[in-house]
Amino acid sequence: MHHRPTPPTAAATPAPRPRVLAGDRPTGPLHLGHYFGTLQNRVRLQHTGVDLFLVIADYQVLTDRDVAERPAEHAENLVLDYLAAGIDPERATVFTHSAVPALNQLLLPFLSLVSVAELSRNPTVKDEIAHSRQAAVSGLMFSYPVHQAADILFCKADLVPVGQDQIPHLELTRTIARRFNDRYRTDLLPQPEPLLSAAPLLLGTDGTKMSKSRGNAVPLGATEDETARLIRAATTDADRHITYDPARRPGVSALVDLAAHCSGRDPHAVAEQIGPGGAARLKATVTEAVNEHLRPLRTRRAELAADRGHLRAVLAAGNRRANAVADATLAEVRAVMGSV
Ligand code: ATP
Ligand code: MG
């Protein structure tokens with residue numbers, strides 16, 4: 001996993017810190033899918049001392065809607081969720097796409113390395129088109145995975161903690177890095193590895209992927225009453241006896257999973273204990289488990305929310321550092337390509 005050139009004095013210099021990149025679209029507040037799918041891994045990696053970059057992918061919002069609604073407000077709230085979850089702004093670089101021009105320039109050479117056929121058979125893109133809010137599918141919908149490759153490669157990330165839906169994009173990033181290195185006879189770009197969690201695809205209150213934009217999410221920052229209301233409205237089925245059977249009972253099993261992840265228990269044991277208690281008992285159990293698990297995070301979040309200026313300052317500092325890193329990588333890319 002060593003892609004950065006080894007300096008001649010390698011014996012004397014400490015090994016470079018591994019770099020980790022992760023990100024989210026500023027389309028709404030972070031939810032339990034983010035938390036168990038990637039956010040916990042980001043915090044855990046941060047504690048091991050990696051160089052962590054978090055991209056707030058504001059340009060990427062335009063893939064499936066015509067206008068990004070209140071992007072700055074959503075971006076600040078993402079910073080709030082990160083800090084509440086344990087991201088340390090002294091150690092992590094939190095930045096927005098739109099503030100880093102050099103990163104965005106990498107999109108052009110990278111686009112030349114992939115075919116239209118490759119872009120159109122991406123299964124995550126197909127799923128997102130199916131849930132899109134646009135009348136017509138935009139060009140950005142097809143090219144955003146290449147933009148994501150720029151997000152990852154601008155900082156030469158070694159590791160990318162993601163949910164299952166990002167696996168095709170990571171594979172494309174690796175392909176782009178490999179093709180770039182082959183075409184320009186260099187080892188400039190690393191081939192980053194994905195890092196999945198124990199919950200790579202957490203389901204929402206309707207039994208499909210929990211997503212900010214699908215009305216099926218339990219936000220980390222929801223109040224305990226809101227949480228209860230969201231879970232009470234969840235889809236279950238006609239069978240009164242609660243069992244864990246993700247293939248045949250997606251709604252019920254999604255709720256069982258939520259309780260299991262929040263309480264650190266096995267989903268079969270959770271279902272068995274509720275059994276004849278039915279959907280009402282299940283929902284009460286889930287609500288209690290979620291609220292209990294998130295209570296410390298929510299307390300921190302409420303404290304941090306009082307200082308919007310701090311959230312903006314974290315972003316400003318992150319944008320400065322991301323620009324410096326992106327400028328350096330773009331200069332290297334241009335040199336390798338023979339541009340002036
Ligand atoms: P949107 O509906 O706007 O696309 P989203 O909820 O899908 O929002 P993203 O910002 O697209 O969230 O994804 C950010 C990161 O969180 C990605 O790494 C993604 O894989 C991960 N993630 C999102 N939803 C889930 C989920 N339900 N389970 C596990 N990981 C998830
Ligand atoms: Mg998404």
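Analyst: Start with the elements: helices (H or I, at least four residues) and strands (E, at least two) are DSSP runs, numbered from the N terminus. Thr96 lies in strand E3. This is a predicted model, where local features need pLDDT of at least 70, side-chain atom pairs count only at pLDDT 80 or more, and totals for chains, interfaces and linings use all residues. Residues are numbered from 1 along each chain as its sequence is written, chains are lettered from A and ligands numbered from 1 in the order in which they are written, and side-chain values use heavy atoms, with hydrogens and water left out.

User: Why is Thr96 called buried?

Analyst: Buried means under 20% relative accessible area, exposed over 50%, partly exposed in between (1.4 Å probe, protein chains only). Thr96 has 8%, so Thr96 is buried.

User: What does Thr96 touch?

Analyst: Contact means heavy atoms within 4.5 Å. Not counting residues up to four places away in sequence, Thr96 touches Ile56, Asp58, Ala75, Leu315 and Asn319.

User: Is Arg70 buried, exposed or partly exposed, and what makes it so?

Analyst: Arg70 has a relative accessible area of 47%, so Arg70 is partly exposed. Its place is in the loop between strand E2 (51-56) and H2.

User: How many aromatic pairs are there?

Analyst: Rings of Phe, Tyr and Trp (its six-membered ring) pair if their centres lie within 6.5 Å; planes under 30 degrees apart count as stacked, over 60 as edge-to-face and the rest as tilted. By this rule there are 5 aromatic pairs. One of them joins Tyr35 and Phe36: the centres are 4.9 Å apart and the planes stand at 80°, so the pair is edge-to-face. Tyr35 is buried at 11% relative accessible area. Phe36 is buried too, at 6%.

User: What makes the pair of Phe95 and Phe154 edge-to-face?

Analyst: The planes of Phe95 and Phe154 are 65° apart, with 5.4 Å centre to centre. The pair links distant parts of the chain, 59 residues apart: Phe95 is in strand E3 (residues 92-96), and Phe154 is in the loop between helix H7 (139-153) and strand E4 (159-161). Phe95 has 0% relative accessible area, so Phe95 is buried. Phe154 also has 0% and counts as buried. Ring pairs link Phe53, Phe95 and Phe154 into a cluster.

User: Why is H2 called oblique to H12?

Analyst: Axes are lines fitted to C-alpha atoms, for helices over the stretch in contact, and angles run from 0 to 180 degrees between N-to-C directions. Angles under 35 degrees count as roughly parallel, over 145 as roughly antiparallel, 65 to 115 as roughly perpendicular and the rest as oblique. The axes of H2 (residues 71-85) and H12 (residues 278-305) come within 8 Å and cross at roughly 135°. That makes H2 oblique to H12.

User: Which residues of H2 and H12 meet?

Analyst: From H2 come Asn77, Leu80, Asp81, Leu83, Ala84 and Ala85; from H12 come Leu297, Arg300, Arg301, Leu304 and Ala305.

User: How do you know that H1 and H12 are oblique to each other?

Analyst: The axes of H1 (residues 32-47) and H12 come within 13 Å and cross at roughly 60°. H1 and H12 are therefore oblique to each other. Leu32, Tyr35, Phe36 and Gln40 of H1 make the contact with Val290, His293, Leu294 and Leu297 of H12.
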